[in-house]
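User: I have a structure to look at for class. Could you please take me through what can be said about it?
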Amino acid sequence: MRLVFAGTPEVALPALERVADSGHELVAVVTRPDARVGRGRRLMRSPVASWADERGIEVLTPGKPREPEFLDRLIELAPDCIPVVAYGALVPAEALRIPRYGWINLHFSLLPAWRGAAPVQHAILNGDEMTGASVFQLETGLDTGPVFGTVTEPVGARDTAGALLDRLADTGAVLLAQVLQALETGGVSAVPQPTEGVSKAPKITVEDSRIRWEDPAFGVDRRVRSVTPTPGAWTLWNGKRLRMGPVTPDPDGPRLGAGEVHGEKHAVWVGTATDPVRLEGLQPPGKSMMDAAAWWRGLQDTRGVRFE
């Protein structure tokens with residue numbers, strides 16, 4: 001088959017490499033336009049665009065995928081199918097109709113659970129013990145299309161969103177390649193999603209990443225892991241934002257009020273609504289992530305330390 005791959009971030013690369021090595025003809029990639037990043041606001045190519053640049057593959061970067069110039073070029077490329085992984089823009093009906101087999105999307109949840117931009121983060125935040133990846137036919141609705149296949153993945157008790165997403169990117173890439181092969185041979189058909197069990201996974205905001213110390217310890221732990229490494233959990237101390245690394249609920253730790261901090265030479269705890277949590281690392285403003293106990297030992301005054 002002639003393929004155009006649509007994707008943007010690094011998590012799309014395992015699938016892109018599988019597609020490129022599958023024996024199909026990869027004629028172009030579609031990705032989000034270069035974005036300004038960092039303090040210098042320099043333009044940076046997406047990981048998918050950089051991958052394609054290195055291999056001399058055509059890169060399409062429409063501001064919106066309904067732009068006439070983009071649609072015309074897509075018609076000229078005449079792809080049989082467009083596999084999609086984390087592209088980051090809604091695809092209009094006129095673009096969906098161009099490939100013979102449509103746009104086939106790899107989504108990191110067991111649909112219809114966690115439709116939306118942040119399925120892995122919401123699965124961890126809500127304490128799911130099992131998640132997975134789905135390959136489905138893209139429609140104009142948000143992750144509503146019929147499903148070709150799924151793969152399951154247990155959520156570990158200490159999984160961060162980054163670690164879980166890395167595993168799903170690898171297993172999902174295999175599934176996507178299998179579905180593409182089966183599409184070509186006519187050995188697969190899509191099944192409509194059930195109407196029950198639908199849940200939404202909207203984009204995680206900076207405010208969503210703020211730790212609520214008045215939550216139970218398990219809730220604090222899930223929140224931190226769900227936003228690690230990005231956008232990163234944070235709290236306020238003396239009006240300054242501290243970025244927090246993973247924490248560990250400690251039922252044998254000191255009894256503390258919500259947000260109250262207690263440190264010893266080799267450990268630091270923070271109180272929650274239930275048990276305290278032990279800090280592994282934190283990042284003060286303008287500094288790198290550091291061991292929490294080292295931060296505590298560096299404080300000039302440790303009396304009455306509390307996170308807001």
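Analyst: Let us begin with a term: buried means under 20% relative accessible area, exposed means over 50%, and partly exposed lies in between, with a 1.4 Å probe and protein chains only. By that rule, 49% of the 308 residues of the chain count as buried. Please note that this is a predicted model, in which local features need pLDDT of at least 70 and side-chain atom pairs count only at pLDDT 80 or more, whereas totals for chains, interfaces and linings use all residues. Residues are numbered from 1 along each chain as its sequence is written, and side-chain values use heavy atoms, with hydrogens and water left out.

User: How many helices and strands are in the chain?
Analyst: The chain has 8 helices and 17 strands. These are DSSP runs numbered from the N terminus: helices are H or I with at least four residues, and strands are E with at least two. Along the principal axes, the C-alpha atoms fill a box of roughly 70 × 45 × 30 Å.

User: What share of the contacts in the chain join residues at least 24 apart?
Analyst: Contact means heavy atoms within 4.5 Å. Among contacts between residues at least 6 apart in sequence, the share that joins residues at least 24 apart is 63%.

User: Which residues touch the most other members of the largest nonpolar core?
Analyst: They are F5 and F108, in a core of 38 residues. A nonpolar core is a set of buried Ala, Val, Leu, Ile, Met, Phe, Trp, Tyr and Cys residues joined through side-chain atoms within 4.5 Å. In soluble globular proteins, nonpolar side chains tend to be buried together.

User: And what is F108 in contact with?
Analyst: Leaving aside neighbours within four places in sequence, F108 has contacts that include V11, V85, P119, V120, L165, L168 and A169. Apart from this core there is another, of 25 residues, with W213, A217, M244 and V277 among them.

User: Changing topic, how many salt bridges does a search of the whole structure find?
Analyst: The search finds 14. A salt bridge is a side-chain nitrogen of Lys or Arg within 4 Å of a carboxyl oxygen of Asp or Glu. In one of them, R158 pairs with D221, with the closest N and O atoms 3.1 Å apart.

User: Why does that pair tie together parts that are apart in sequence?
Analyst: R158 lies in the loop between β9 (147–154) and α6, while D221 is in helix α7 (residues 217–226), so the bridge ties together parts 63 residues apart in sequence. R158 is partly exposed, at 40% relative accessible area, but D221 is buried, at 6%.

User: Does anything else pair up there, or rather, which side chain meets D221 in a salt bridge at 3.2 Å?
Analyst: That is R225, with 3.2 Å from N to O. R225 and D221 are separated by about one helical turn because they are 4 residues apart in helix α7. R225 is buried too, with a relative accessible area of 6%.

User: What about D34, which residue does it bridge to?
Analyst: D34 forms a salt bridge with R45, the closest N and O atoms being 3.3 Å apart. Both residues sit in loops, D34 between β2 and β3 (35–37) and R45 between β4 (42–44) and α2. D34 is partly exposed at 32%, and R45 is partly exposed at 30%. Salt bridges that share partners join D34, R45 and D53 into one network.

User: What is phi for A78, and where is A78 found?
Analyst: Phi of A78 is near 50 degrees, a positive value in a residue other than glycine. A78 is found in the loop between α3 (68–77) and β6 (82–85). A86 likewise has a positive phi near 50 degrees, and A86 lies in the loop between β6 and α4 (93–96).
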